[in-house]
Amino acid sequence: MTIGGYRVQWRRLGMVVTMVCLAWMHGAALQAQSEQVVEVTIKDFRFVTKQSPLRLGYPTVIRVRNEDAERHDFSSTMFEGIPTQIEKDGVIVYGRGVGGAFLDPKQDATIRFDMTRPGRHVFRCSIHPTMTGELLLLSAEAV
Ligand SMILES: [Cu+2]
């Protein structure tokens with residue numbers, strides 16, 4: 001009887017450990033959600049940017065989509081010297097020397113990096129020099 005009682009308790013302990021693990025995984029998922037997201041759509045040879053105020057030191061995601069039937073490029077010096085990850089067609093490129101991404105018609109790319117420098121950051125299309133856009137980064141103290 002006592003042994004049986006212990007067994008039940010061990011099982012309960014197992015349940016608790018499992019639940020703690022689930023809670024921890026849930027926390028990791030929440031952290032991923034705290035990324036700040038910028039949506040950039042390329043349409044009719046223009047960058048259309050949707051952003052909320054961006055804060056320094058936060059994981060930032062730029063989602064670029066090329067809606068045109070023309071090949072474009074999304075490049076910026078804002079990634080200079082900062083570890084940057086670019087995902088395109090399931091392939092991830094990571095490094096400090098990532099300057100941007102070329103986008104074929106109807107293609108999209110996801111760029112991940114941490115904001116480290118405040119101010120206005122210009123991005124452009126190297127194929128069409130008239131295509132430019134900008135992101136505004138606020139310092140945490142200004143928010
Ligand atoms: Cu272009």
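Predicted model: local features only at pLDDT ≥ 70, side-chain atom pairs only at ≥ 80, totals over all residues.

Numbering starts from 1 along each chain as its sequence is written.

Start with the open sheet: 6 strands in the order β2-β1-β4-β9-β6-β7, with mixed pairing. Strands here are DSSP E runs of at least two residues, numbered from the N terminus, and two of them pair if DSSP finds at least two bridges between them. Now colour β2 (46–50) and β7 (91–95): each has a single partner strand and stands at an edge, so one side of each lacks a neighbour in the sheet.

Next, select β6 (residues 84–88), which runs antiparallel to β9 and is joined to it by 4 bridges. Lysine 88 sits opposite alanine 109 in β9.

Now show the largest nonpolar core, 12 residues including Val40, Ile62, Phe74, Leu103, Ile111 and Cys125. Such a core is a set of buried Ala, Val, Leu, Ile, Met, Phe, Trp, Tyr and Cys residues joined through C-beta atoms within 7 Å; buried means 20 or more other C-beta atoms within 10 Å, exposed 12 or fewer, partly exposed in between, with C-beta atoms placed from the backbone. β1 (36–43), β4 (59–66), β8 (100–103) and β9 (108–114) each give two or more residues to this core.

Click cysteine 125: beyond its neighbours within four places in sequence, it contacts His72, Asp73, Phe74 and Met131 (contact: backbone-placed C-beta atoms within 7 Å).

Last stop, valine 37 in β1. Valine 37 counts as partly exposed because it has 15 C-beta neighbours inside 10 Å. Leaving out neighbours within four places in sequence, valine 37 is in contact with Val61 and Arg63.

Key:
Contact = placed C-beta atoms within 7 Å.
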